[in-house]
Amino acid sequence: MTIYLGVDAGNSKTAVLACLPSGKVAGAARAGCGDIYGAPGEAAAVATVLGAADAALADAGASRRDVASAAFRLAGVDWPEDWQFWDGVLSARWPGLTRSILNDGYAAIRCGEPSGVGVAVNAGTAAAIAARGPDGTTWQMGMRGQHAMGAIGLVSEAIKAATLADLGAAPATALGQGLLDFYGLPDLSELNRWFTRRQNPADPAERPRAARVVTDAARQGDHVAIDIVREQGRRLAFYAEIAARHAGLRDSGGPVPVVLSGSILMDRDSVVAAALSDQLERLLPGADPRRAVLPPAAGAALDALAEGGVTLSPEVVARLTATLPPPSFFQT
């Protein structure tokens, strides 16, 4: 048996697909946080990622020796030392494995552009932006991003705007009441206290949960919420242009595929995706935004197949698509 392994490890979950050369998904597994920055410790992240990989192989009736190529797309591979960490782990724990190690932002490129050339903009809990150029040059935002984006960015800006409005220092907005209703708190002072108090503060995961409060308010015409959404679109487009430029895509002379993924952008009526598309027209001429049609783990699996010498024909991509686990497998 010959297996191509796609690993997508993030803060919320790790998903692994084991594929045959035909593209058929023969095995799958999921686990928890595989981010060395987000897990309780490096050892925990390693155990999660390798445990999920082994489980996917077992689900396929295969073993490590059957893997021809593996693509590890891992949140937290932001700096050279992060890559070196994982390279050392895999060299020691899985010797002889043919593999690539990249930030998880790259996984989404093939989810909307099978060639693997283009820009990926993922906006979920946070944001990950990466690009691969025609000559294979890569660039990722990683920790270089200087703006809060994704659900965290939306809610953080909403709390700021609502608090300032409550103090009489900013325009009135319905966001304050929307946030209080969502969290079940009496006033904005208590909301801020909940997030910042010294003892028993809110879990950090509580903040991004309220992203829909912001997007719903924007759809209903709240001008402050609309401005926050537009700024999110501008920030995402700003870094997409930087990624395209550094990867050699901006001046390539052709369309620049920009693959949108993540919960904030994947809704069909996503106001953030609309704002991003508007800004791309201005910041990245030739941008061709399209939503991802596959989950990131499938993009990682396609990377493994391509890097292992398999031609990604329409038939291979279609077979992978048809044999994916159900959508619930990929939900956070």
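**Salt bridges in the predicted model**

At 27% relative accessibility, Arg234 counts as partly exposed. Its salt-bridge partner in this predicted model is Glu231, and the closest N and O atoms of the two sit 2.9 Å apart. Glu231 is partly exposed too, with a relative accessibility of 25%. Both residues belong to helix α7 (residues 223-246), where they are 3 residues apart, or about one turn of the helix.

The general idea is simple: side chains of opposite charge can pair when their charged atoms come close.

Another pair is made up of Asp54 and Arg64, whose closest N and O atoms are 2.8 Å apart. Asp54 is found in helix α1 (residues 42-59), while Arg64 is in the loop between α1 and β4 (67-74), so this bridge ties together parts that are 10 residues apart in sequence. Asp54 has a relative accessible area of 31%, which makes it partly exposed, and Arg64 is partly exposed as well, at 26%.

Then there is the bridge from Asp303 to Arg110, with 2.4 Å between the closest N and O atoms. Asp303 lies in helix α10 (residues 296-307) and Arg110 in the loop between β5 (99-103) and β6 (118-123), so the pair ties together parts that are 193 residues apart in sequence.

Conventions. Residues are numbered from 1 along each chain as its sequence is written. This is a predicted model: local features need pLDDT of at least 70, side-chain atom pairs count only at pLDDT 80 or more; totals for chains, interfaces and linings use all residues. Side-chain values use heavy atoms; hydrogens and water are left out. A salt bridge is a side-chain nitrogen of Lys or Arg within 4 Å of a carboxyl oxygen of Asp or Glu. Helices (H or I, at least four residues) and strands (E, at least two) are DSSP runs, numbered from the N terminus. Buried means under 20% relative accessible area, exposed over 50%, partly exposed in between (1.4 Å probe, protein chains only).
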